[in-house]
Amino acid sequence: MVAIRIHAGLLVLFLCLAAAGTGSLCAGAPPSPLLGIHGRSIFSRSRTRSNSMLEKKAEHPLVEYETRYFSQILDHFTYRPQGYKIFQQRYLINDKHWGGAKKKAPIFVYTGNEGTIDWFANNTGFLFENAPKFGALLVFIEHRFYGKSMPFGSRNNSYKSAETLGYLNSQQALADYATFIIELKKNLSAQASPVVVFGGSYGGMLAAWFRLKYPHLAIGAVASSAPILHFDNIVPKNTFYDIVSNDFKKASKSCFNVIRESWNDLQSQSMKEGGLQKISKIFRTCKDLKTVDPVRAWLDQAFIYSAMTNYPTETNFLTPLPAYPVTAMCEVIDSFPRGTDSLSRVSAAASIYYNYSNTETCFEMEDDSDPHGLSGWGWQSTKEYIKEPCCAGH
Ligand SMILES: *[C@@H]1O[C@H](CO)[C@@H](O)[C@H](O)[C@H]1NC(C)=O
Ligand SMILES: *[C@@H]1O[C@H](CO)[C@@H](O)[C@H](O)[C@H]1NC(C)=O
Ligand SMILES: *[C@@H]1O[C@H](CO)[C@@H](O)[C@H](O)[C@H]1NC(C)=O
Ligand SMILES: *[C@@H]1O[C@H](CO)[C@@H](O)[C@H](O)[C@H]1NC(C)=O
């Protein structure tokens, strides 16, 4: 059975990483021909820093694993001599609750997505919570070209050219997972143990596709927040941004209107004499702004990612956030006295996303650090998935 769960409220990491690269589109700037890594930093170093209260809450007491490496084949498809090159693929394993091969106890495999695998494992309490009940072996496999699973040694070498990057795609990743599962089961004499694959976002797409493409290797897939229908001409172009907008509209119609007006207000303010200086002050930027574009991207990211991680409890996945961050942002926007300008309101709302830890002294608008190792996604998503974003009226 293919169990595909599409979580309508929780939006999609892979689209959003792409969206962040084109973030300014939402605010009317022309599209960049090739999405850079990100329009601005997706996850700044400073934002992952959090105070000890948050860190304690974010850590899951059940999350436990051993880190290992597996000799993986570079190219599963062409059979050219250079394709037989081997690289070390990282995986995490936890057999604490496994019932064993004799009992045909199941194997739960997390099909790694576009980042460092321990970051995802640390945020996937779901598998650790369910392992005891099912007597399951847990395995998290890192996606090639992310984290420590670099096919050509270093990251720089692996991302060097089209020659090397040609091996970064979802088909090769799925074949990696198939090769791995076959060997793991052989090693454990666990051929009779059923495998269920799990993933979220792009990793959820991989889980669903894995079940479809390798039905003899997995009896089921749990694909969470997996937009497997989000391709050309299947859903309307605006779908992603419609969902983000609706999240804010549902929280508060007036809040939604303020956010919508703020894009124009930002533009008109920036054209005034001394306008950029004023904007720098309102948004507490570390450096004086030379253009208004970084602010648009900064706001885009705050609204989109808060909608994407609008969890019901306090979390620390992308950044420390309160429970229901969308509601929290709208409460701030609506709390100002009548007549307050929209820019002050949205600045305060975005501060929830960027400064929930209370540690920021100013906001670095063009920070391009990448603590979760996600930067390869700009290249991969452009090559494999990108659709034209668009945002009129949002
Ligand atoms: C995941 O958790 C482990 C153990 O707590 C920690 O050592 C590691 O740094 C964490 N990784 C990330 C990317 O947060
Ligand atoms: C990787 O390449 C970048 C850009 O050329 C360079 O700044 C960086 O130092 C390199 N990193 C390593 C580990 O060699
Ligand atoms: C299987 O066993 C071999 C030999 O011990 C080891 O090199 C390899 O990494 C193992 N593979 C997996 C997936 O456990
Ligand atoms: C972050 O929050 C702290 C505590 O509320 C505040 O003192 C600081 O000014 C905020 N930083 C920015 C850049 O707004």
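Visitor: Let's start with a strand pair. What is the bridge partner of Ser71 in β3?
Guide: Gln88 is the bridge partner of Ser71 there. Keep in mind that this is a predicted model.
Visitor: In which sense do β2 and β3 pair, and over how many bridges?
Guide: They pair in the antiparallel sense, over eight bridges. β2 covers residues 66–73, and β3 covers residues 86–94.
Visitor: Which way does β3 pair with β5, parallel or antiparallel?
Guide: Antiparallel, over four bridges. Strand β5 is residues 137–141. In that strand, Leu138 stands opposite Asn94.
Visitor: New topic. Which residues are around ligand 3?
Guide: Phe70, Phe180, Glu183, Leu184 and Asn187.
Visitor: Which helix gives the most to that shell around ligand 3?
Guide: Helix α9, residues 170–187, with four residues.
Visitor: And how does the shell around ligand 3 split by class?
Guide: Three residues are nonpolar, one is polar and one is charged.
Visitor: Back to α9, then. At what angle do α9 and α10 pack?
Guide: About 65°, and their axes are 10 Å apart. Helix α10 is residues 202–213. Angles of 65 to 115 degrees count as roughly perpendicular, so α9 is roughly perpendicular to α10. The crossing of α9 past α10 is right-handed.
Visitor: Which residues make the contact?
Guide: From α9, Ser170, Ala173, Leu174 and Tyr177. From α10, Leu206, Trp209, Phe210 and Lys213. By class, this contact of α9 with α10 has six nonpolar, one polar and one charged.
Visitor: What about α15 and α16, at what angle do they pack?
Guide: About 150°, with axes 8 Å apart. That makes α15 roughly antiparallel to α16. α15 also passes α16 in a right-handed crossing. For the ranges, α15 is residues 325–335 and α16 is residues 342–355.
Visitor: Which residues meet there, between α15 and α16?
Guide: On the α15 side, Pro325, Ala328, Met329, Val332 and Ile333. On the α16 side, Arg345, Val346, Ala348, Ala349, Ile352 and Tyr353. The contact of α15 with α16 has ten nonpolar residues, no polar ones and one charged.
Visitor: Last one. Which residues are around ligand 4?
Guide: Arg284, Ser351, Asn355, Asn358, Glu360, Thr361, Cys362 and Phe363. The shell around ligand 4 divides into two nonpolar, four polar and two charged residues.

Technical notes
Residues are numbered from 1 along each chain as its sequence is written. Chains are lettered from A and ligands numbered from 1 in the order in which they are written. This is a predicted model: local features need pLDDT of at least 70, side-chain atom pairs count only at pLDDT 80 or more; totals for chains, interfaces and linings use all residues. A residue is near a molecule or strand if its C-beta atom, placed from the backbone, lies within 6 Å of it. Helices (H or I, at least four residues) and strands (E, at least two) are DSSP runs, numbered from the N terminus. Ala, Val, Leu, Ile, Met, Phe, Trp, Tyr, Cys and Pro count as nonpolar, Asp, Glu, Lys and Arg as charged, and the others, Gly among them, as polar. Axes are lines fitted to C-alpha atoms, for helices over the stretch in contact, and angles run from 0 to 180 degrees between N-to-C directions. Angles under 35 degrees count as roughly parallel, over 145 as roughly antiparallel, 65 to 115 as roughly perpendicular and the rest as oblique. A crossing is left-handed if the near helix is turned anticlockwise from the far one by less than a right angle, and right-handed if clockwise. Two residues are in contact if their C-beta atoms, placed from the backbone, lie within 7 Å. Two strands pair if DSSP finds at least two bridges between them.
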